Amino acid sequence: MAYEVVDLECPGCGYHVTSNTKQCPQCYREIMITNLDSASSMADADARKYTNKYRKVLSHHPDQPELNLTMAFCFLKV
């Protein structure tokens with residue numbers, strides 16, 4: 001599995017970011033959820049936003065480990 005930078009939108013505000021952006025420069029939310037603590041502190045609505053945004057991106061880039069991990073943490077929250 002090769003690492004690839006993917007263009008996407010911030011799940012919080014829709015600002016254009018990439019998969020190696022840690023924090024949105026516009027709304028300052030985390031782009032990639034990397035641990036269960038981050039996911040558990042999210043509101044349910046935010047977890048659904050992340051899930052919907054990343055499901056769309058993963059349909060075109062299914063082999064992205066960071067996006068798959070983010071989705072897993074969001075599914076644990078929702």
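The exercises below work through a predicted model, residue by residue and helix by helix.

Residues are numbered from 1 along each chain as its sequence is written, and side-chain values use heavy atoms, with hydrogens and water left out. Local features need pLDDT of at least 70 and side-chain atom pairs count only at pLDDT 80 or more, while totals for chains, interfaces and linings use all residues.

**Exercise 1. The aromatic pair**

Find which rings pair in the structure, and classify the pair by the angle of the planes.

Step 1. A pair of aromatic rings is described by the distance of the centres and the angle of the planes. Rings of Phe, Tyr and Trp (its six-membered ring) pair if their centres lie within 6.5 Å; planes under 30 degrees apart count as stacked, over 60 as edge-to-face and the rest as tilted.

Step 2. Searching the whole structure gives one aromatic pair. Its rings belong to Tyr-50 and Tyr-54; the planes stand at 45 degrees with the centres 5.9 Å apart, so the pair is tilted.

Step 3. Both tyrosines sit in helix H2 (residues 44–60), and because they are four residues apart, about one helical turn separates them. Helices (H or I, at least four residues) and strands (E, at least two) are DSSP runs, numbered from the N terminus.

Step 4. Tyr-50 and Tyr-54 are both buried. Buried means under 20% relative accessible area, exposed over 50%, and partly exposed in between (1.4 Å probe, protein chains only).

**Exercise 2. The core around Tyr-54**

Determine which residues of the largest nonpolar core touch the most other members, and which element gives the most to this core.

Step 1. A nonpolar core is a set of buried Ala, Val, Leu, Ile, Met, Phe, Trp, Tyr and Cys residues joined through side-chain atoms within 4.5 Å.

Step 2. The largest such core has 19 residues, and those touching the most other members are Leu-8, Ile-31, Ile-33, Tyr-50, Tyr-54 and Leu-67. H2 and H3 are the elements that give two or more residues to this core. The most come from H2, with five residues.

Step 3. Contact means heavy atoms within 4.5 Å. Not counting residues up to four places away in sequence, Tyr-54 touches Leu-8, Pro-11, Ile-31, Met-32, Leu-67, Thr-70 and Met-71.

**Exercise 3. Packing of H2 and H3**

Describe how the axes of H2 and H3 cross, and sort the residues of the contact by class.

Step 1. Two packed helices are described by the angle between their axes and the distance between the axes. Axes are lines fitted to C-alpha atoms, for helices over the stretch in contact, and angles run from 0 to 180 degrees between N-to-C directions.

Step 2. The H2 and H3 axes cross at roughly 145 degrees and come within 9 Å. Their crossing is left-handed (the near helix is turned anticlockwise from the far one by less than a right angle; clockwise would be right-handed).

Step 3. On the H2 side the contact includes Tyr-50, Tyr-54 and Leu-58, and on the H3 side it includes Leu-67, Met-71 and Phe-75.

Step 4. The contact has nine nonpolar, three polar and three charged residues. Here Ala, Val, Leu, Ile, Met, Phe, Trp, Tyr, Cys and Pro count as nonpolar, Asp, Glu, Lys and Arg as charged, and the others, Gly among them, as polar.

**Exercise 4. Two cysteines in loops**

Locate Cys-10 and Cys-24, and list the contacts of each.

Step 1. Cys-10 lies in the loop between strand E1 (7–9) and strand E2 (16–18). With a relative accessible area of 0%, Cys-10 is buried.

Step 2. Beyond four places in sequence, Cys-10 touches Tyr-15, Val-17, Cys-24, Cys-27, Ile-31 and Lys-53.

Step 3. Cys-24 is in the loop between E2 and H1 and is buried, at 1% relative accessible area. Its contacts, leaving aside neighbours within four places in sequence, are Cys-10, Cys-13, Tyr-15, Arg-29 and Ile-31.
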